[in-house]
Amino acid sequence: MEQMSKDETIALRQKYIGKSCQLFFKQDPIKIVKAKGQYMYDEKGNVYLDCINNVAHVGHCHPKVVEAGCEQMKLLSTNNRFLHDNIVLCAKRLVETMPEKLNTCFFVNSGSEANDLALRLAQIHTGNNDVITLKGAYHGHLTSLIDISHYKFSLPGGTGQKSHVHLASSPDIYRGKYNTKNHKKEEICRLYTEEVRSICERVRDEKGVGICAYIAESLISCGGQVIPPENYLKEVYNHVRAYGGVCIADEVQVGFGRVGTHWWAFQLQDVVPDIVTIGKPMGNGHPVAAVVTTEEIAESFRKTGVEYFNTYGGNPVSCAIANAVMDVIVEENLMQNALEVGEYLLDRCVELMNRYSAIGDVRGRGLFIGIEFVTDRESRTPDPETASFINKRMKENLILLSVDGPDNNVIKMKPPMVFSKQNVDEVVCALDEVFQEMEQTNSSRGSKIVEIEDKTK
Ligand code: PMP
């Protein structure tokens, strides 16, 4: 399987691949040569447990998905200016998972393309240009999306905030601007949504224009696995619509049943967005993505007379794969699995939190979980060092996690949906060992990992 040694691969990568291309574990990168289910194999045959790959949604290289792609590839792969059953069946299928109003699809190749098209649709439909986005958010790598991705544009070498972009605080109730330490729980939602309303008002007063769009992930992944408070989206959507804007739900990471109870994470908040963007899990590793919107918005686009064409978007192979992914989610009951295993994972992480003070918060829905590290629970000061140390040690123990959030102190878990309770036990056991190890190493110099005596369960 391996064509060259890992050192040669690294040397060629250094020579020929842009240095800014991101690499996991830069100091000691992993060379993966094959994968199956929730497991990834390196060139030496080491087996990693994959807790982060939300793309390999129904499990790496799922035979049914692979076969669907291969069979269609043998038959035909062409652009969607020809009629083909796969694209219409895929669209029908997607629409059936959505609230009634969301009934029109556009197919693209990546989450970024989906979000770029969503912005274009929003601009055309509203005639406005001002976009509200969240602090810490990431929506893709195209220029239009870097502009609305605080995660990227605010970096020291980033392009900065453009005048049509407005930042609302991330609705993080643990360590955000309004949180359970400083505010009454029942007030937090209103404070966050009021911020969005006041942005809308300011845009109207200062520029004399309405809002184009509010865009957010329905659960905020890149911003640190944030679960917005109940009613947050409902109130925000009302404000945004009152000022002429449309609401875009970015489901690129969190969609396709990951939350367990629903196909789409926005459904947790009982709202209907105007535009939904989907990607990553849709192709289980194959590039396919889509925008799902209302008839009215699609009609505004049609009325421009500018036709939409995307060479690869919606090709028969991509759609065969997306259809197979949706089949497998249903046939293998993966949403129920995400719900049960996710709840078990959350409970077991709470147990860890009850034992180790370095964990300030544990949160999640389904197989979308975050563990937040703090130096001190009282002040909730972020602890990126502990998060990154644990991430590194877990990788050495062959468990792949990742660290994210505005302060890089949140360990993220969003494994393939075939993740099992046994996998949860492996992860929690390994985490426990790393904590014990840190305790031992730190005890001589005054530990910051404190094991809590009272083991509340
Ligand atoms: N939206 C979100 C929330 C994402 O996490 C990503 C990718 N990390 C994108 C959009 C962009 O998707 P892609 O990388 O497929 O272009």
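This is a predicted model: local features need pLDDT of at least 70, side-chain atom pairs count only at pLDDT 80 or more; totals for chains, interfaces and linings use all residues.
The chain falls into two domains: domain 1 comprises 6–61 + 333–443, and domain 2 comprises 63–331. Their centres, taken over C-alpha atoms, are 25 Å apart. Domain 1 contributes 29 residues to the contact between them, and domain 2 contributes 28 residues. On the side of domain 1 that touches domain 2, at least two residues come from each of α11 (334–355), β11 (359–365), β12 (368–376) and β16 (410–413). Of these, α11 gives the largest share, five residues. Sorted by class, that side of domain 1 holds 14 nonpolar, seven polar and eight charged residues.

The ligand has a shell of 16 residues, and the closest are S110, G111, S112, G140 and V252. Helix α4 (residues 111–126) supplies the largest share of this shell, three residues. By class, the shell around the ligand consists of ten polar, three nonpolar and three charged residues.

In soluble globular proteins, nonpolar side chains tend to be buried together. In this model the largest nonpolar core has 125 residues, and the members that touch the most others are A213, Y214, V240, I248, A290 and V325. Helix α10 (residues 316–331) provides the largest share of the core, ten residues. Both domains take part, since the core draws at least three residues from each of domain 1 and domain 2. Y214 shows what such a position looks like: neighbours within four places in sequence aside, Y214 is in contact with I132, V196, V236, V240, G245, C247 and I248. Two of the residues named in that list, V240 and I248, are themselves among the core members with the most contacts to other members.

Strand β4 (residues 102–108) is another enclosed element. Five of its seven residues are buried, so the strand is largely enclosed by the rest of the structure. β4 pairs with strand β10 (residues 289–294) in the antiparallel sense, over six bridges. Within this pairing, C105 stands opposite V292 in β10.

T159 counts as exposed because 12 other C-beta atoms lie within 10 Å, and the exposed class takes in counts of 12 or fewer. Apart from neighbours within four places in sequence, T159 is in contact with I146 and F153. D172 is 13 residues away from T159 in sequence, and the two are 25 Å apart in space, C-alpha to C-alpha.

Most residues other than glycine have a negative phi. L398, however, has a positive phi, near 65 degrees, and N408 has a positive phi near 50 degrees. L398 is placed in the loop between α12 (384–396) and β14 (399–400). N408 lies in the loop between β15 (402–404) and β16, and β16 is one of the elements that supply the side of domain 1 touching domain 2. L398 is partly exposed because it has 16 C-beta neighbours inside 10 Å. N408 is also partly exposed, with 16 other C-beta atoms within 10 Å.

Note on methods. Residues are numbered from 1 along each chain as its sequence is written. Domain bounds come from an automatic or database domain assignment. Two residues are in contact if their C-beta atoms, placed from the backbone, lie within 7 Å. Helices (H or I, at least four residues) and strands (E, at least two) are DSSP runs, numbered from the N terminus. Ala, Val, Leu, Ile, Met, Phe, Trp, Tyr, Cys and Pro count as nonpolar, Asp, Glu, Lys and Arg as charged, and the others, Gly among them, as polar. A residue is near a molecule or strand if its C-beta atom, placed from the backbone, lies within 6 Å of it. A nonpolar core is a set of buried Ala, Val, Leu, Ile, Met, Phe, Trp, Tyr and Cys residues joined through C-beta atoms within 7 Å. A residue is buried if 20 or more other C-beta atoms lie within 10 Å of its own, exposed if 12 or fewer, and partly exposed in between; C-beta atoms are placed from the backbone. Two strands pair if DSSP finds at least two bridges between them.
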